[in-house]
Amino acid sequence: MKSVVGSTSEEDGSEGDYPDVTVAPLTSPAEAARLAAQYDNQVSRLLASESRGQHAPGKCAWDLVAMVDFPADRRSAVAWIIAEAIMKFRCGNSRAFACWRTAALSANAVAEDDRELVLSFLISVFGRPGAVEPGDTKAKQGKSNHLEGFVAEWLWHLIMKEQKAAHRERKYLSEPSYSVTEQGEDGFAVYAPPGTNVSLFFRLWEIKKHNTENSVVTTTVQRASDQLNTRGLQYLAKLTSAHRQTDGDLGTLFAELGDLWINADPRAGAGVGVATSTVSPPEACFSPLESILGQFTNAGQLEGLLCVIENFTEFAVEVRRMVWSAL
């Protein structure tokens with residue numbers, strides 16, 4: 001199979017490609033939404049993908065999804081799907097979502113009476129348009145890093161939500177946190193194997209954005225794996241508490257999360273997701289997960305998702321542009 005991102009780099013990823021930033025014509029939210037609708041508003045249908053790694057004991061089976069050399073309108077369609085999903089989640093049952101969406105698609109700003117209401121749901125992550133000057137170094141070190149991490153979590157979430165597999169059926173998928181810096185798990189999924197009278201199993205995920213300027217992808221995977229190893233049990237404890245009123249088989253699983261993790265039970269498992277601009281990732285980029293969480297020895301207990309998004313920083317800004325388009 002021809003790789004969706006071309007040839008891989010050296011084993012340590014040190015020769016990864018770092019594409020130049022290009023200036024593409026802007027696509028309106030309405031145009032992006034029309035293109036997204038042609039793909040059933042699913043990011044996984046717009047992105048290229050392939051399976052890598054090994055579904056074997058002690059190994060990490062991982063998926064590679066990519067958006068490399070895509071036209072500007074297709075990138076904007078993906079950005080629109082993410083922006084719309086974020087706003088729908090953040091606005092809840094408030095009328096703010098309808099106000100935002102109508103304004104964004106009509107290319108008209110929300111009514112002045114509605115502006116502060118809509119802003120209240122997005123400002124903590126995206127800020128106010130015009131509040132930060134372009135090139136502001138503090139913004140680059142602070143809020144824009146948070147923005148990229150937030151977009152990475154939502155990209156992971158949507159891909160997992162759309163994922164279909166014959167060997168398991170998803171029963172629960174956590175949503176990304178409302179706050180960018182909230183402590184806890186980045187992702188959590190519960191599955192059941194095919195058939196009846198079967199036991200549920202889970203995967204605890206850590207999601208990172210990879211800064212291509214400072215490190216290789218493998219280093220980011222190692223950092224995420226270390227975090228799962230040292231804090232995973234605490235994340236599961238928080239989930240157990242949060243779902244204390246959940247009943248049925250799912251409630252039973254939430255009550256047992258800590259024990260299953262400590263014992264590396266076959267029903268427990270971990271995953272690492274990374275969003276990066278590195279268009280030639282190393283074939284063994286998830287090897288740190290295999291070594292750091294080596295207690296999970298059963299086939300399928302370790303999973304990875306690598307999202308190769310050309311000019312990822314630029315793409316995160318495009319998501320923000322879609323969100324801001326209604327203001």
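Where is K164 found? Select it and you land in the loop between α7 and β3. Helices and strands here are DSSP runs numbered from the N terminus (H or I, at least four residues, for helices; E, at least two, for strands).

Before going on, a note on the model: it is predicted, so to speak of local features takes pLDDT of at least 70 and side-chain atom pairs count only at pLDDT 80 or more, while totals for chains, interfaces and linings use all residues. Residues are numbered from 1 along each chain as its sequence is written, and side-chain values use heavy atoms, with hydrogens and water left out.

Stop 1: K164 counts as exposed because its relative accessible area is 76%; the cut-offs are under 20% for buried, over 50% for exposed and partly exposed in between, with a 1.4 Å probe and protein chains only. A salt bridge here is a side-chain nitrogen of Lys or Arg within 4 Å of a carboxyl oxygen of Asp or Glu.

**Stop 2: E153.** Now go to helix α7, residues 143-162, and pick E153. E153 is buried yet has no salt bridge. The nearest side chain of opposite charge, K208, is 8.1 Å away. Leaving aside neighbours within four places in sequence, E153 is in contact (heavy atoms within 4.5 Å) with P176, S177, D186 and I207.

**Stop 3: Y178.** Next, select Y178, in the loop between β3 (169-173) and β4 (187-192). Y178 counts as partly exposed because its relative accessibility is 33%. Beyond four places in sequence, the contacts of Y178 include F89, R90, F121 and F150.

**Stop 4: helix α1.** Select residues 29-38 for α1, whose buried residues are P29, A30, A32, A33, L35 and A36. Those buried residues pack against α3 (72-91), α4 (96-106) and α11 (312-324). Just after α1, check D40, which takes a positive phi of about 55 degrees.

**Zoom out.** The protein chain comes to eleven helices and seven strands. Buried residues make up 50% of its 327 residues. Among contacts between residues at least 6 apart in sequence, 72% join residues at least 24 apart.

Conventions
Lys, Arg positive; Asp, Glu negative; His and termini not counted.
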